[in-house]
Amino acid sequence: MMSSAYPVRALLVAIFILMMGSGFLSTLIAIRLEIAGASAGIIGLVATSYFAGLMLGSLRVEKVITRIGHIRAFAAFVTVYSASSLTYAIIDHPGVWTALRFIDGFAMAGVFVCLESWLNQQASPQNRSAVLAFYMIALYCGQAAGQFLLNLGDNAPDLPFMVSAILLSIALLPVLLTRMEQPRIEAVAPFSLRRLYKASPLGIVGTLMTGAMLGAFYALGAVYIQRIGMGLSQVALFTSCVIAGGVALQYPLGLLSDRFDRRLIVILCFVAAAAVCAAIALLPLGPTGTIALGSLFGGFAFALYPLCVAHSNDHLTEEERISASGGLVLVYSAGAVAGPLVGSAGMGAFGPTGIFIIIGALAAWGGAFGIWRLAMRAAVPGELQQNFQSLPRTTPMAAVLEAEGDS
């Protein structure tokens, strides 16, 4: 399996460094806004702007990349993101930060499309699943490791932004120095929402709820930790443990979904996530208990997106799967745009625990919808179910790698 990573090692190094330099910015920005006295609504709006930029970029950056080529486009997107990181340290204003987060999201969409289309070209039918697995490991490990850079801001508030810009600049090198041939972008035309819902109601509703849940968490999870009196180092540990928990449980839950009616595992994840959120919101937990439950929440919540994609694929032909998976990425993004706004409203109404009350309510709604679908449609026979494949929630381009790798 390790040999599968060798042809794409430059891309894996690049994504690891990129996520290490950018993955902690959402947490850092939320904390800085909280310290500055911004309301939960403002913090949610700034976070929503990032997801809106990511969604729009997923639909628009293809033309830029096609016109100037992958290497130049990648360099341009990363340079913009690096410059944006430094601007946070220069201009401290929520309105400016909202615009910058939109730019960050758009630039990151360009980065993902560049890297994922490159991975598509380099992967063969025999090793696509392995390449996708290595890509996810690099992405999530970089994101988890980057959370600890938050601690650099204890004595030098501007230092984390500077380190982010440095890491983003360094991430250019593996790609700029590569000899790999520039790929052709495979256009992914997503299903219409009506067709997608008709094919798999639970797939589209589950994906939408998952996007809203994780969008709310990424926007306001760190604010919750701050407001209950935990320090910056504990914010970093909590966020990284949520990501680590998400990585750890995806494959075990995926294997279970291959053996049983996949809808049962989707419902299990929604109900378990709702129960964990209720425990965090209602029980008198110390730092250790909060972090432990956060890891459990990540385990169930992160598994939901690939489970919903796999369930949708169970009801689609092989020719439809790439378009449907691309459509589900956009549905997830739409949920992530709404999540911070809904979560901030919950914090405004219920205080710090409101974020987990809202996330728990979204999870409970997803679980209830899944139970309803159990009564409305018979299960797909086990021998006809597609194999589960863990995959990132990035752009529709990842759907090409996932779908073709499992065909």
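Let me start with arginine 101, which, leaving aside its neighbours within four places in sequence, is in contact (heavy atoms within 4.5 Å) with Leu25, Ser26, Ile29, Val46, Ser49, Tyr50, Tyr81 and Tyr88. Before going on, please keep in mind that this is a predicted model, in which local features need pLDDT of at least 70 and side-chain atom pairs count only at pLDDT 80 or more, while totals for chains, interfaces and linings use all residues. Residues are numbered from 1 along each chain as its sequence is written, and side-chain values use heavy atoms, with hydrogens and water left out.

Is arginine 101 buried or exposed? Arginine 101 has a relative accessible area of 4% and therefore counts as buried, the term meaning under 20% relative accessible area, with exposed over 50% and partly exposed in between, for a 1.4 Å probe and protein chains only. Arginine 101 sits in helix H6, residues 94-122, where helices are DSSP runs of H or I with at least four residues, strands are runs of E with at least two, and both are numbered from the N terminus.

As for the whole protein, there are 17 helices and zero strands, and of its 407 residues, 61% count as buried. Among the contacts with a separation of 6 or more, 87% are between residues 24 or more positions apart. The protein exposes about 15400 Å², of which carbon and sulfur atoms supply 67%, as computed by the Shrake-Rupley method with a 1.4 Å probe.

Now to H3, where nine of the eleven residues are buried, including Leu25, Leu28, Ile29, Arg32 and Glu34. After H3 comes glycine 37, with a positive phi near 90 degrees.

How do H3 and H6 cross? Their axes, which are lines fitted to C-alpha atoms over the stretch in contact, with angles from 0 to 180 degrees between N-to-C directions, come within 12 Å and cross at roughly 170 degrees. H3 and H6 are therefore roughly antiparallel to each other, given that angles over 145 degrees count as roughly antiparallel, under 35 as roughly parallel, 65 to 115 as roughly perpendicular and the rest as oblique. On the H3 side Leu25, Ser26, Ile29, Arg32 and Leu33 take part, and they meet Pro94, Trp97 and Arg101 in H6. These residues divide into five nonpolar, one polar and two charged, where Ala, Val, Leu, Ile, Met, Phe, Trp, Tyr, Cys and Pro count as nonpolar, Asp, Glu, Lys and Arg as charged, and the others, Gly among them, as polar.

The crossing of H3 and H8 is left-handed, meaning that the near helix is turned anticlockwise from the far one by less than a right angle. Leu25, Leu28, Ile29 and Arg32 in H3 meet Pro160, Phe161 and Ser164 in H8, and the residues of this contact divide into five nonpolar, one polar and one charged.

Lastly, a residue in another helix: glycine 211, found in H11, residues 201-227, is buried with a relative accessible area of 0%. Not counting residues up to four places away in sequence, glycine 211 touches Tyr332, Gly335 and Ala336, and its C-alpha lies 9.5 Å from that of leucine 304, 93 residues apart in sequence.
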